[in-house]
Amino acid sequence: MDIKRNILLNPGPATTSDSVKFAQVVPDICPRENDFGTVMEFISLELTNLVASSGKCTTVLFGGSGTAAVESILSSVVDNGAILIINNGAYGKRMCEIAEIYKLNYIEFKSSPIDGIDLNELENKIRSYNINEKQYGITHVAVIHHETTTGILNDIKGVGKICRKYNIDMIVDAMSSFAGIPINMEEMNIKYLASSSNKCIQGMAGVSFVIANIEALEKTKSIKSRNLYLNLYKQYSYFKDNYQMRFTPPVQVLYALKQAIIEAKEETIEKRYKRYKSCCKILWDGLDRLKLKRLVKDENASMLLTSIIEPNISGYSFEELHDYLYERGFTIYPGKICSTNTFRIANIGEIYPEEIKNFIEILREYFHEIAKH
Ligand SMILES: *Cc1c(COP(=O)(O)O)cnc(C)c1O
């Protein structure tokens, strides 16, 4: 069977290989059977292996979109201490919303959506809290790795260093960087990492997961549960004993994720990052030729997603551009930042430089068309 190939340039769900799509067609199985436990055991172990050593860290799986993993961490690991949340985009803001709903003692650290985090300012802020309010000092810092709002790549290594100095556990939302950009949890001092099945790991949507430092996770056992479904420790300990999720897992999505992991290991994350970057280079060169400006400076850019400033050309409309490209098999995405009108192109997923070249060609055609009117 042939499946039509669409190129998704939205920031996830990303384009998948046909082998990942077909991996979902399996005999019906009850997910409580040992055979399925083996599938989940493989997934948990191999996701860990992509960023950490399996002796130190473990992967806890949930049915749900990526936000479930972020909400699970934030609601489960902070006790009486305070959490500082770095907000430089929509996903940082979302973490603040979660902290607000769970009534966590949180401090919002606002940072520019297009320039790097000021690490000195961050350290001063942490120091001021940990001196003045000793009993409510900052115990956790949460940060987005790749802020998908703009395509800025945050310096989590720098933030991790500060956390090490003040004995703070760092939480990283690596939703749109995990398996696309090499990450080393130990080296970067990440205690909890959140990601999902449908971005750079190139699987289907429906599984979110937390990769946690086991020592840190074990210490959260005594924290009073703030929720049922998303409690991280409970999900972890149940999985450890049974190789099952506590509640019905998305069975077929997990089979696809297993195949996606096999393909990621075959390609290796280093080479996948290279492929993404070479797609991005072609995109940037094409945008330059079309005189389209980018929002984020090269040195801060992830090269996995590019925010493009909407051109001031009469006849241009994002909706029309979207439809023009969509009819030709390419899906683009609107911007999310309020201060500037942008649209976004993500070059993650099972896509290749040749396809980005074709995309640029169609983009050029569109602008050529509207110039005629
Ligand atoms: C995609 C994404 C999420 C999760 O979004 P869902 O819609 O819940 O999958 C969270 N954080 C970042 C940085 C993301 O890119």
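UniProt positions are given here in the numbering used for this structure, with feature names shortened, and such annotations may be inferred rather than shown by experiment. The model is predicted, so local features need pLDDT of at least 70 and side-chain atom pairs count only at pLDDT 80 or more, while totals for chains, interfaces and linings use all residues. Residues are numbered from 1 along each chain as its sequence is written, and side-chain values use heavy atoms, leaving out hydrogens and water.

**Exercise 1: an annotated span**

Task: Which residues does the UniProt annotation "domain: Aminotransferase class V" cover?

Solution. 
- Start with the record: this annotation, from an unreviewed UniProt entry, covers residues 138-345.
- Then look at the span itself: residues 138-345 are 38% helix and 20% strand, and the end C-alpha atoms lie 36 Å apart.
- Helices (H or I, at least four residues) and strands (E, at least two) are DSSP runs, numbered from the N terminus.

**Exercise 2: two aromatic pairs**

Task: Is the pair of Phe178 and Phe209 stacked or edge-to-face?

Solution. 
- Recall the method: a pair of aromatic rings is described by the distance of the centres and the angle of the planes.
- Take the cut-offs: rings of Phe, Tyr and Trp (its six-membered ring) pair if their centres lie within 6.5 Å; planes under 30 degrees apart are stacked, over 60 edge-to-face, and the rest tilted.
- The structure holds ten aromatic pairs.
- In one of them, the ring centres of Phe178 and Phe209 are 5.3 Å apart and the planes stand at 70°, so this pair is edge-to-face.
- Phe178 lies in the loop between β8 (169-173) and α7 (185-188), and Phe209 in strand β10 (residues 207-213), so the pair ties together parts 31 residues apart in sequence.
- Now compare Tyr316 and Phe367: with 6.3 Å centre to centre and 10° between the planes, this pair is stacked.
- Tyr316 sits in the loop between β11 (305-309) and α12 (318-327), and Phe367 in helix α13 (residues 353-372), 51 residues apart.
- Tyr316 and Phe367 also belong to one aromatic cluster with Tyr324 and Tyr366.

**Exercise 3: the nonpolar core**

Task: Which residues touch the most other members of the largest nonpolar core?

Solution. 
- A nonpolar core is a set of buried Ala, Val, Leu, Ile, Met, Phe, Trp, Tyr and Cys residues joined through side-chain atoms within 4.5 Å.
- Buried means under 20% relative accessible area, exposed over 50%, and partly exposed in between (1.4 Å probe, protein chains only).
- Among the 64 residues of the largest core, Leu61 and Phe178 touch the most other members.
- Helix α10 (residues 251-267) gives the most to this core, with nine residues.
- Another core of 33 residues lies apart from it, and includes Leu321 and Tyr324.

**Exercise 4: backbone angles**

Task: Where is Tyr243, and what is its phi?

Solution. 
- Tyr243 is in the loop between α9 (232-242) and α10, and its phi is near 50°, a positive value in a residue other than glycine.
- Tyr243 counts as partly exposed, at 33% relative accessibility.
- Thr268, in the loop between α10 and α11 (269-289), has a positive phi of about 75° although it is not a glycine.
- For the peptide bond, look at Gly12 to Pro13: the bond is cis, with omega near -10°.
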